[in-house]
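Reader: Could you walk me through this one? I'd like to start with the sheet and then turn to the core.

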Amino acid sequence: MADYPSEFELDVALRDGGGARVRPIKPEDGPLLVEFFERLGTESRYFRFFRIKETLEPKEVDFFTHVDYSDRMALVAIHDGKMIGLASYDRERDHTGTAEVAFAVADEHQGRGIGTQLLQLLTTHARAHGVERFEAFVLPENRQMMRLFRNSGYELTRTIDEGVFTVDFPVALSEGLLQAEWEREKRAVAASLLPLFFPRSVAVIGASTDPTSIGGRLFHNIISEGFTGPLYPVNPKAKVIGSVRAYATIGDVPDDVDLAYIVVPQRFVVDVARQCAAAGVRGIVVISAGFSEIGEEGARLEAELLDIVRDSGMRMVGPNCMGLLNTAPSVQLNGTFAPVYPPAGNVAMSSQSGALGIAILDYANRNNIGISQFVSVGNKADVSGNDLILAWEDDPATDVITLYLESFGNPMKFSRLARRVGRRKPIVAVKSGRSESGSRAASSHTGALASSDVAVQALFRQSGVIRVDTIDQLFDAASLLASQPIPVGERVGVITNAGGPGILAADALEANGLILPELSAGLREQIGSALPAEASTRNPVDLIASGGPTEYEHVISLLLESGEVDAVMVIYIPVFAGAAQKVAEALHRSQLAYEGDVTLLSVFMQTGEDAAHYLAGKDGSRAIPTYMFPESAALALTRAVRHGQWRHRDPGKEVALGAAVEAELRMLVEDALETMPPEGGWLDPDLVGAVLEKVGLRVPRSFVVTSAKDAVRVADEMGGPVVLKVISESALHKSDVGGVALDIQGESQVKEAYKQVTRAVDDAEGVLLQEFVKGGHEVLIGMTQDPNFGPLVVFGLGGIYVELLQDVAFRIHPLTDVDASEMINEIKGSRLLDGYRNQPKGDVAALEEALLEVSGLIDAVPELVEMDLNPVKVLEPGSGVVVVDARIKIRAVEAEKHPSMRDLPGVTS
Ligand code: ADP
Ligand code: MG
C-alpha cells in the first residue's frame with residue numbers, strides 16, 4: 001500500500017467562479033460518505049450504482065474509504081465541511097494497464113465542473129502509477145457524465161453493450177488535452193475574479209468618518225469616482241459616513257454584496273471575513289496589514305483567513321494591500337486608498353508593493369497612461385499574479401499586462417502562462433532584487449556563476465516577458481506597446497531637427513542592436529524635394545532648425561510608406577514657444593493618414609508645453625508614445641522589437657535521449673546512489689566518463705592509476721602525449737593547486753609529473769591519466785538546480801577563466817535546438833568560434849548537439865544536482881567536441897516523482 005498522497009490535497013477553481021477542496025479519501029471518511037450518499041438524488045444514485053439503492057452497507061463504506069492509493073484510488077471534493085464529489089479508480093486485476101473510473105457529484109453541485117477537476121487529478125495520479133487507460137460504464141441517459149468525458153479533451157472510444165455505454169480512453173497527456181485543461185482553467189479563474197473586478201455592489205468594512213484614515217480615503221475614492229453600483233459603509237460606531245447610511249455589520253446590509261473591502265484592525269479581520277462568508281459576499285479585498293509579512297503569528301492568521309476564503313468559495317486580494325481598481329465605464333471602481341485615479345486605457349497592472357503602487361498610479365496619471373485594471377496584490381495569499389494574468393488574457397479592455405514583482409509564487413506556472421499569453425498581449429515586468437548576489441554554495445563553476453537573478457532572467461527570456469529595470473522603463477515600454485504595432489523588424493528611420501539628438505538616437509539604437517538603414521536614392525530624392533539644400537536626407541534625416549510642421553508631415557509620411565524601415569522615431573527640439581504643439585499636430589495628422597503597421601514614436605526634448613496631449617490618439621487614430629530623450633525612446637523601441645522577434649521565433653524542438661539510453665543511465669545512477677550518503681555526492685571519475693559517453697558526449701581515453709610505475713606503463717600503452725590529474729577530495733579546481741600536468745611524454749616526464757601532481761595535495765587517491773587533446777576552444781557547459789525554477793543550464797567560453805569573464809548564457813531546462821543555438825550566439829566570446837582573427841574555427845554544430853545531450857541527461861536523471869563540464873574543447877568543424885574535465889553531483893530523489901500538483905490547470909493552491 002502506498003502512502004497517503006498528501007500532494008493531492010488541493011484547492012481547485014470551478015467553472016462558475018467558486019472553489020472546492022479536493023483530497024484523497026481517508027479511512028475515517030465513512031460518516032462523510034454516508035451523509036453524501038444519503039443526499040444524492042435517486043437518479044444520481046442510479047447512475048452511480050446502476051440500480052436503485054437505498055443505503056450503503058457498512059461493508060461498502062469500508063470498501064470505498066479504504067484504498068491503497070495505487071491500484072485503488074479515490075478523491076473527494078469538500079465544500080463547507082461536506083462531501084460534494086467522489087471520484088475513484090480501480091485497477092482491474094486481469095489487464096493491469098486499465099482501471100475503471102466512477103464519479104458521483106452532489107445534485108446541487110452538478111454542472112460546476114467538479115467532476116472535470118476530479119477527473120484531471122485522478123488521471124494525474126493514475127499516470128504516476130502506471131495506469132494506461134481508464135474505462136467507465138455510463139448509462140445512456142447520464143448526459144452529464146457523457147459531457148464530462150467528451151469535454152475533457154481525452155480521445156474517447158465509446159461502445160454500447162446491453163444498454164450501457166463503455167467509455168474508454170488513454171490517460172496519457174496529449175497536446176489537445178492540455179489545451180482543453182488550460183482553456184478550462186482560464187475560464188474558471190476569470191469567472192472567480194469577476195466579483196472582484198465587476199462587482200454589482202460594494203461594501204467597505206471599516207469605512208471611517210475620518211477622511212484622512214485609510215478606511216475614510218478608500219470610501220471617499222469609491223464615491224468620488226462614481227462607482228456604478230451601490231456602496232455600503234460598514235462601521236459599528238457610525239450611523240452615517242460621507243452622507244451615506246452606515247451598517248453595523250456586513251450581515252446588516254440589506255442587499256447582496258459582491259465585493260467587500262476589509263479595512264479593520266488586524267485582530268478583527270478573520271472574524272469580519274467569516275461574517276462576509278456568512279453574508280454571501282463573493283470577493284474580499286483585505287487592506288489590513290499584520291499578516292505573513294510580520295512573521296509567524298501573522299502567517300498563522302493569514303492561513304486562518306485563507307481557510308475561510310477557500311471553504312466559502314470567496315476569492316481574496318491581499319491581505320496587506322492597497323486595493324484594486326477597474327476603470328471600465330460600466331464599473332468605475334476607484335477601489336484603492338491612493339490619492340490618484342488613472343485615466344481609462346488598455347494597460348493592466350499588478351503590483352506586489354503597495355507603496356510603489358501609489359507611485360505607479362501617480363506616474364501613470366502624470367504621463368497620461370491609460371489603465372484598465374490595477375491590483376495591489378499584497379501578500380498574495382489567495383489571488384496571485386498568475387491568476388491575474390489568466391483573467392487578463394481574455395479581458396477585452398486589456399492589451400498590455402504590466403507587473404511589479406518581488407517574488408514568484410509558482411514560477412513554473414508563470415512561465416507556461418507567460419509563454420501563451422505573451423503571444424497575444426505583451427507582458428512587461430519589473431522584477432526587483434536584480435542586484436542581489438548569489439547565495440548558492442560555490443562548489444562548482446556553475447554554482448558560482450548562477451546568482452539568484454540568473455534564473456529569473458532566463459525565465460523571462462524564455463517566456464517572452466519584457467524585463468525592465470525601473471518603473472520609468474516599465475511605462476516607456478508599456479506606452480509604446482499599448483498604442484503602436486509591435487515592430488516586425490529591426491530597421492529604424494530617424495527624423496530630427498537638430499544634429500546632436502539625431503546622433504544620440506542613432507548611437508542608442510545601434511548600441512541596442514537595431515539598424516539605421518541607408519535610405520534608397522529614390523526615397524532620398526523625394527525627401528529632399530521639400531527640404532532646403534542644407535538639410536540631410538540620410539538616415540537620420542535632419543530637417544535642420546527651419547524644419548516645421550509641413551516638413552515633418554512630409555518626411556514622416558514618406559518614411560512610413562517607404563517599406564524601407566520598420567519603425568520611425570521622430571525627434572523635435574522646440575525652436576520657439578508653441579512650436580512643439582504644431583509639430584505634434586503634424587505627427588498626429590501623419591498617423592491619422594497612415595494605415596500600415598510601421599511603428600511610430602516621438603521624442604519631444606522639452607518640458608512644460610505638453611505635446612503628449614496632441615499625441616494621445618483622437619479621431620480613431622493610434623496614440624503616439626512620446627519620450628523626453630532619444631535614449632529612453634530607443635530602449636523602449638528595442639524592447640518592442642525583441643518581443644516581436646520572440647513572438648515569431650521558432651520555439652524549436654526538444655531532443656530526447658531515447659528509452660534505451662535512459663534505462664542504462666538510470667542503472668548507472670542507481671548503482672552509484674547505493675554507496676552514497678542521503679545528501680548525495682560527486683561521482684567517481686570513471687563513472688562520470690561512463691555517464692557522458694552514454695549520452696553521446698566524447699571524453700578522452702582515461703585510466704586511473706595509483707603508482708608512478710603504472711602511470712609509465714599505461715602512458716606507454718596509450719601512446720602519444722598524456723595528461724596527469726590528481727584525484728582528490730580536497731582539490732575542487734585541480735590546476736589551481738598544481739594538480740594537473742599537460743602534454744607529458746616519455747618515461748622520465750611521466751614519473752616526474754606523477755610526483756608533482758600527487759604532491760600538490762595532502763589527500764591524493766591516485767592519478768587520472770588522460771589522452772592529451774591538442775588545440776580547440778575551451779568552453780563550459782554546466783547545470784545547477786535552482787530551488788524555485790528547477791534545473792538551469794549554463795554555457796560560457798573561457799575554460800578556467802569563465803568566472804573571471806562572466807561571459808555566460810543561462811537557460812531553464814529543457815532546451816530546444818533553437819535554445820542551444822541561441823545560447824551559443826548570445827555570449828560575446830562566441831565570435832571566437834567563428835574563427836576570429838585567424839584563430840581556428842570551432843565545431844559549433846557539435847557544440848549545439850552537446851548542449852542538447854546535456855539537456856537530455858538532465859531529463860533522464862532527475863538526481864542530477866550539479867554538473868560542471870569544464871572545459872569542453874571545441875575542435876575544428878567536423879572534429880567535434882571533447883569533454884576533458886567533468887564533475888557530476890547526484891542525490892536521491894523520492895521514488896515516486898509527481899508533477900508539481902500546484903502547476904496543474906485549475907489548481908489554485
Ligand atoms: P581543473 O578544472 O580541476 O583545474 P582540468 O581537468 O579542467 O582541471 O584541467 C585544467 C586545464 O588543463 C583545462 O582547462 C585544460 O585547459 C587543460 N586540460 C585538461 N585536460 C586536458 C586534456 N586531456 N587535453 C588537453 N588539455 C587538457
Ligand atoms: Mg576544469
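Author: What follows takes the sheet and then the nonpolar cores. This is a predicted model, where local features need pLDDT of at least 70 and side-chain atom pairs count only at pLDDT 80 or more, while totals for chains, interfaces and linings use all residues. Residues are numbered from 1 along each chain as its sequence is written, and side-chain values use heavy atoms, with hydrogens and water left out.

Reader: What is the strand order in the open sheet of 5 strands?

Author: The order is E10-E9-E13-E14-E15, with parallel pairing; strands are DSSP E runs of at least two residues, helices H or I runs of at least four, both numbered from the N terminus, and two strands pair if DSSP finds at least two bridges between them.

Reader: And which strands stand at the edges?

Author: Strands E10 (231-234) and E15 (315-317) do, each with a single partner strand, so one side of each has no neighbour in the sheet.

Reader: What packs on the sheet?

Author: Helix H6 (residues 175-197) does, touching E13, E14 and E15, where contact means heavy atoms within 4.5 Å.

Reader: Switching topic, which residues touch the most other members of the largest nonpolar core?

Author: Tyr261 and Met569 do, in a core of 111 residues; such a core is a set of buried Ala, Val, Leu, Ile, Met, Phe, Trp, Tyr and Cys residues joined through side-chain atoms within 4.5 Å, buried being under 20% relative accessible area with a 1.4 Å probe, protein chains only.

Reader: Which helix gives the most to this core?

Author: Helix H15 (residues 471-483), with 7 residues.

Note on methods:
Chains lettered and ligands numbered in written order. Axes fitted to C-alpha atoms, helices over the stretch in contact; angles between N-to-C directions. Buried < 20%, exposed > 50% of the residue type's maximum accessible area, 1.4 Å probe, protein only.
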